[in-house]
Amino acid sequence: MTGYDIFAWIVLIILIATLVFVFCLFGWLPGHIARSRNHPWADAVRVAGWVTLVLGFALWPVVLIWAYVDVPAPREPRRAQP
């Protein structure tokens, strides 16, 4: 095994480790954002982040937006005026 082969293996291992790290970061990020913002459906956002990431990444930006969206407070029913 030459020095080039060892260097190529080191580069390949670093590249795979980086890809795994980025994949885990993208799966973890929407749930973490939702939980830190006290989102009412933080667990659903977390699961959706991982599912959309595994199933092709197409809807992952939508989940990230969902993590930032605050649900408006429900309106109080109007009282009947006497």
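Accessible areas here come from the Shrake-Rupley method with a 1.4 Å probe, and for residues only the protein chains shown count as cover. With that in hand, the protein has an accessible surface of about 6,900 Å², and 71% of this belongs to carbon and sulfur atoms. Keep in mind that this is a predicted model, where local features need pLDDT of at least 70, side-chain atom pairs count only at pLDDT 80 or more, and totals for chains, interfaces and linings use all residues. Residues are numbered from 1 along each chain as its sequence is written, and side-chain values use heavy atoms, leaving out hydrogens and water.

Let's start with the overall picture. The protein has three helices and zero strands, and reading along the sequence gives you α-α-α. (Helices, H or I with at least four residues, and strands, E with at least two, are DSSP runs numbered from the N terminus.) The C-alpha atoms fill a box of roughly 90 × 20 × 15 Å along the principal axes. The radius of gyration, taken over C-alpha atoms, is 22 Å, while a compact globule of 82 residues would come in near 12 Å. That globule rule is 2.2 Å times the number of residues to the power 0.38.

What share of the 82 residues is buried? The figure is 18%, where buried means under 20% relative accessible area, exposed means over 50%, and partly exposed is in between (1.4 Å probe, protein chains only). As for contacts, meaning heavy atoms within 4.5 Å, take those between residues at least 6 apart in sequence: 49% of them join residues at least 24 apart.

Now zoom in on histidine 39, which sits in the loop between helix H1 (3-36) and helix H2 (42-54). Is histidine 39 buried or exposed? Histidine 39 counts as buried because its relative accessible area is 7%. Setting aside neighbours within four places in sequence, histidine 39 touches Ala34, Val45, Trp66, Ala67 and Val69.

Next, hop over to phenylalanine 23, in helix H1. Phenylalanine 23 is classed as partly exposed because its relative accessible area is 38%. Which residues does phenylalanine 23 contact, leaving aside its neighbours within four places in sequence? They are Trp50, Leu53 and Val54. Leucine 53 is 30 residues away from phenylalanine 23 along the chain, yet their C-alpha atoms are separated by 8.0 Å.
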